[in-house]
Amino acid sequence: MSVSSPLIGTKFYRPQSRPGLVARPRLDERLDRGAEGRLTLVSAPVGFGKTTVLAAWLDRDGGRGRDGDGPAVGPAVGRPVAWLSLDARDSRPATFWAYLVAALQSVVPEVGAGVLPLLQTGQVPTEAVLTTVLNQLAALPDGVTLVLDDYHLADGPVIAEGMGYVLEHLPPQVHLVISTRADPGLPLSRLRARGELVEVRAADLRFTPEEASAYLAAATGLALSADAVTTLEARTEGWIAALQLAALSLRGRPDVDAFVATFAGEDRYIVDYLVDEVLARQPEHLRTFLLRTSVLDRLSGPLCDAVTGGDGGRATLDGLDRANLFVLPLDDHRRWYRYHHLFADVLQLHLRDERPDEVAQLHARASRWYERAGEPVPAARSYQRLARSATPCRPGTSTAPPPSSSWPCPRCAATGRRGPSGVGSTTCPTTWWPAGRSWRSASSAR
Ligand SMILES: Nc1ncnc2c1ncn2[C@@H]1O[C@H](COP(=O)(O)OP(=O)(O)OP(=O)(O)O)[C@@H](O)[C@H]1O
Ligand SMILES: [Mg+2]
C-alpha cells in the first residue's frame with residue numbers, strides 16, 4: 001500500500017458462521033476464558049478451523065459492534081469486535097499499523113483520530129504514536145476485542161516489536177486475539193507465566209471422533225459405518241480441511257467403504273488426493289471456472305467473467321458457496337468471495353500443469369479489469385504476477401498488452417514509455433505492437 005492508497009474494506013469483514021457448523025463448546029469455553037485476559041492465541045496449520053471457531057464464538061456472543069443484540073453469554077459480551085484479515089502486503093510496518101488502527105476505528109470511531117492520517121502517509125509509528133492509540137483505547141467505556149486473522153502473513157521483527165509494546169501496555173478492557181499458522185514473534189512465555197495468555201492449538205482444534213462423526217453425517221447425508229468414520233478421522237487426524245474434502249468426495253458415491261479404504265498418507269498428499277477427487281467430480285465448465293479464477297485473490301461475478309471470458313460468474317460463485325466448495329464470502333451482500341487458501345493453492349498447481357499457456361493471459365485480464373474498475377493496487381499486483389508467469393522475452397510474441405503503455409513489459413521489465421533501455425531485447429516493447437517494428441516506430445505510431 002502506498003501512502004494515500006485507500007484501505008481495502010473487505011479486510012475488516014468479520015466472517016459470519018455458516019448454519020450447520022459442528023458446535024464446539026469446549027473451544028468456546030476456552031475462548032471465553034481467554035477473553036478475561038490480555039491475549040488469546042489461536043495457532044495451528046492451514047485449514048484447522050481457526051477462523052471458523054473464532055467467527056462462531058463471536059457470533060454466539062453477539063459481538064456485532066456496538067449495536068450487537070446477540071445473546072449475552074460470554075465475557076466478550078458487550079464489547080465491540082474489530083476484525084482484520086491480514087495478508088502478505090501487511091508485512092510492511094506502515095501498512096500493518098494503518099490497517100490495525102483503521103480496523104479499530106471501524107467499530108470505535110474515536111480511536112485513531114489524528115493518528116490514521118499520519119500512518120497513511122507511510123510513517124512507521126513510534127512508541128509515541130502507539131501510546132496515543134493505547135490512551136484512546138483506555139478511555140473506551142466498553143472496551144474492544146481486536147481479532148487479527150492470518151497474522152503469520154504480516155509477522156516480522158519490526159511489527160513484533162511494536163506489537164510487544166502494545167501488548168505490554170494494553171488497557172484491561174481491550175482483548176487481543178491472534179489467529180495464525182505459525183507462532184508469532186511475541187513474548188509468549190512471559191505472558192503465559194503471568195497467566196495473561198490463553199492458547200488454542202492444533203491439538204485442541206482437531207475434530208474429536210464425535211465431532212468428526214457429526215460433521216461427516218451432516219456433510220455427506222450418508223449413514224456411514226462406524227468403521228468408515230473411524231478410518232476417516234484417523235487418516236485425517238481430525239484435520240477439518242481434509243475431512244471436508246473427504247466428505248465432498250463421498251457425496252453421491254455408491255462405494256463409500258471402498259473409497260474410504262483407498263486413501264492413505266498424510267497432510268499434503270491427502271489434500272492433493274482429495275482435491276483431485278473433488279475436482280474430478282465437477283462438471284467440466286465448473287472445473288474450468290475453478291482453475292481459471294484461482295489466479296484471483298478476491299472473486300466477484302464481473303471480475304470472474306472478465307477473467308474466464310464467460311458470463312454467469314455471480315451465479316457460479318453463489319453455487320460454489322451453497323455447495324461449500326471452499327469459497328468464503330467477504331461481505332454481507334455476497335458480492336466478494338475468496339477461495340480457501342488450501343484449495344486455491346492446489347487449483348493453481350492444476351492450472352499451471354494443465355493450462356500453462358493460459359496463466360499469463362488470465363493475470364492480464366484481471367489486471368485490465370481492476371484498472372478499468374479504478375483499483376490500481378490490485379491491477380498492479382495482477383500485472384506483477386503476469387510478469388512472473390510470462391516466459392522470457394521473445395520479441396513480437398506477446399498477445400497480452402499491458403493496461404497502460406507506461407507499464408513494463410511483463411517479459412523483460414522494459415517499459416513502453418522509456419523503451420527497452422538496455423533491458424531484454426532492444427525490440428522487446430514491440431511485443432505490444434505488430435512484430436518486427438522498433439520500439440520508437442511503434443511508439444510514435446500510437
Ligand atoms: N465446526 C465446523 N463445522 C463444520 N465445518 C467446519 C468447522 N470448522 C471448520 N470448518 C470448515 O473447515 C474449513 C477450514 O476452516 P477454516 O477456514 O476456519 O480454517 P483455518 O484454520 O482458518 O485455515 P487457514 O489457515 O487457511 O486460514 C472451512 O471450509 C470450514 O468451513
Ligand atoms: Mg483462517
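So, the protein chain here has 20 helices and seven strands, and please keep in mind that this is a predicted model. Of the 446 residues in the protein chain, 42% are buried. As for how the chain folds back on itself, take the contacts with a separation of 6 or more: residues 24 or more positions apart account for 63% of them.

Now let's go to the ligand. How many residues surround ligand 1? There are 21, and the closest are Leu21, Gly49, Lys50, Thr51 and Thr52. Which elements give two or more residues to that shell? They are helix H2, residues 50-60, helix H11, residues 240-250, and helix H17, residues 341-354.

Let me finish with a pair of helices. In general, two packed helices are described by the angle between their axes and the distance between the axes. Here, helix H15, residues 301-308, packs with helix H18, residues 359-372, at an angle of about 140°, and their axes are 8 Å apart. Angles over 145 degrees would count as roughly antiparallel, so H15 and H18 are oblique to each other. Their crossing is right-handed.

And who meets whom? From H15 we have Leu303, Ala306 and Val307, and they meet Leu362, Arg365, Ala366 and Trp369 in H18. By class, that contact of H15 with H18 has six nonpolar residues, one charged residue and no polar ones. Thanks, everyone, and I'm happy to go back to any of these spots in the viewer.

Conventions: Residues numbered from 1 in each chain as written. Chains lettered and ligands numbered in written order. Predicted model: local features only at pLDDT ≥ 70, side-chain atom pairs only at ≥ 80, totals over all residues. Near = placed C-beta within 6 Å. Helix = DSSP H or I, 4+ residues; strand = E, 2+ residues; numbered from the N terminus. Buried ≥ 20, exposed ≤ 12 C-beta atoms within 10 Å, placed from the backbone. Contact = placed C-beta atoms within 7 Å. Axes fitted to C-alpha atoms, helices over the stretch in contact; angles between N-to-C directions. Parallel < 35°, antiparallel > 145°, perpendicular 65-115°, else oblique. Left-handed = near helix turned anticlockwise from the far one by under 90°. Nonpolar A, V, L, I, M, F, W, Y, C, P; charged D, E, K, R; others polar.
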